[in-house]
Amino acid sequence: MHIETQSIHAGEKTDVNARSVTSPVYPSTMFRHQDEAGGPSGYIYTRASNPNRDNLEQLLATLEHGSQAAAFASGMAASTAVFQSLDPGAHVMVSDDVYHGTRLLLTGLMKRWNLESSFVDTTDPQQIRESIQKTTRLIWIETPSNPMLHITDLEKIAEIASAHNIIVSVDNTWASPALQNPLDHGADLVMHSATKYLSGHSDILSGVVITKAESPIFDRIRAIQGGSGAVPSPFDCWLLQRSIKTLAYRMRGHSENAGKVARFLEAHPVVEQVYYPGLPSHPGHDIATRQMSGYGGMISFSIKGNGDDAMKITSSSRLIANATSLGGVESLWEQRIRSEPEETQTSPSLIRLSVGLEHPDDLIGDIDQSLNQM
Ligand code: PLP
């Protein structure tokens with residue numbers, strides 16, 4: 001089946017007694033034991049499992065072409081579970097342009113786990129080959145990456161990794177399963193901040209890890225999920241499943257709008273450089289065209305000005321909200337360094353834009369009047 005159909009039907013379990021068309025919400029934190037009245041549900045306690053979480057996980061495993069999924073209370077909880085599934089002392093290789101929270105997690109909290117990490121340019125397979133150590137257990141790739149939209153060739157990296165018995169895990173947040181399926185390109189695990197495109201309406205905090213096949217690593221991730229308990233509520237699982245029904249159509253709209261906005265920005269005299277994989281000028285354009293079915297809704301661009309100018313532009317918009325994060329129906333932008341830690345390498349003149357589903361002419365009009373404030 002196609003993703004438009006899967007998004008609507010996979011994991012959907014209607015209430016046969018009420019003859020409902022959509023799944024009910026099961027807020028119950030506990031379930032009757034099977035030897036008492038209540039039937040063979042298999043559910044005991046919601047931290048361990050819940051019907052809404054099961055439905056959501058089945059849907060996400062289907063959309064990412066995986067075998068199982070584990071849903072978490074946030075993207076960071078999902079990433080933490082992946083890193084905690086490794087033994088202390090393991091080495092992790094990470095895309096150098098990576099969500100700053102992932103970098104902080106590895107260089108901060110996970111240091112106490114005695115996990116070693118190196119940040120390398122994963123767009124360059126040679127750098128990956130040279131950075132492999134005896135203890136390297138995992139390569140963590142973000143493509144497109146946050147905030148510079150670097151594109152990594154997943155098949156090339158998976159080939160190198162499998163020759164060394166290294167797991168490849170891909171943060172697929174910026175593409176979503178509607179535009180890219182890393183497991184089809186040789187990855188072992190996919191992680192999402194479901195807070196972004198999967199939710200799509202800026203009202204759910206959630207994360208997920210999907211595995212291609214049963215594995216000891218995924219068994220540990222599953223044990224961490226229930227054991228440490230950073231699980232999404234049944235209502236959030238239900239709402240996320242509801243939101244995902246329109247994912248493919250939303251991603252098509254985000255990509256189409258972002259393409260138009262990126263071309264407008266590229267021609268604007270105040271703009272220095274546009275980073276969008278859909279533009280032929282982007283160094284990862286050919287790889288993105290091969291491994292993605294659309295280029296997504298995220299654009300970063302630098303302006304011919306300083307940080308104050310970037311701040312002025314982003315606070316001058318009338319339609320686009322000056323806010324962090326991404327993936328919702330409403331457009332957002334920000335001077336990116338406002339949301340990154342002090343030691344960031346991001347230029348003060350970089351603006352990150354999450355292109356929403358408003359009419360592109362309205363967005364371009366608002367961007368134009370904001371750029372003209374400079
Ligand atoms: N990965 C990427 C690429 C992100 O952009 C984010 C958040 O911005 C995260 C992970 C973290 O997700 P969450 O905020 O849901 O914990």
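**Close-up views of a predicted model**

**View 1. The crossing of helices α9 and α12 is right-handed.** In this predicted model, the two helices, α9 (residues 247-266) and α12 (residues 360-371), pack with their axes 10 Å apart and at an angle of about 30°. Because angles under 35 degrees count as roughly parallel, α9 is described as roughly parallel to α12. On the α9 side the contact is made by Asn257, Lys260, Val261, Phe264 and Leu265, while α12 contributes Pro360, Leu363, Ile364, Ile367, Asp368 and Leu371. Sorted by class, the residues of this contact are 8 nonpolar, 1 polar and 2 charged.

**View 2. Leucine 319 sits in the loop between α11 (307-314) and β10 (321-322).** Leucine 319 counts as partly exposed because its relative accessibility is 40%. When its neighbours within four places in sequence are left aside, leucine 319 is in contact with Asp362, Leu363 and Asp366. Alanine 267 lies 52 residues from leucine 319 in sequence, and the two are 21 Å apart in space, C-alpha to C-alpha.

**View 3. An open sheet of 7 strands has mixed pairing and the order β1-β7-β6-β5-β4-β2-β3.** Its edge strands, β1 (68-72) and β3 (116-120), each pair on one side only, and the twist from one strand to the next averages 20°.

**View 4. Strands β6 (residues 189-193) and β7 (residues 207-211) pair in the antiparallel sense over 5 bridges.** Methionine 191 stands opposite valine 209 in β7. Helix α2 (residues 51-63) packs on the sheet, where it touches β1 and β7, and its direction makes about 125° with that of β1. Helix α7 (residues 216-228) lies across β1, β5 (167-171), β6 and β7, and runs at about 30° to β1.

Key. Residues numbered from 1 in each chain as written. Predicted model: local features only at pLDDT ≥ 70, side-chain atom pairs only at ≥ 80, totals over all residues. Heavy atoms only, no water. Helix = DSSP H or I, 4+ residues; strand = E, 2+ residues; numbered from the N terminus. Buried < 20%, exposed > 50% of the residue type's maximum accessible area, 1.4 Å probe, protein only. Contact = heavy atoms within 4.5 Å. Axes fitted to C-alpha atoms, helices over the stretch in contact; angles between N-to-C directions. Parallel < 35°, antiparallel > 145°, perpendicular 65-115°, else oblique. Left-handed = near helix turned anticlockwise from the far one by under 90°. Nonpolar A, V, L, I, M, F, W, Y, C, P; charged D, E, K, R; others polar. Pairing = 2+ DSSP bridges.
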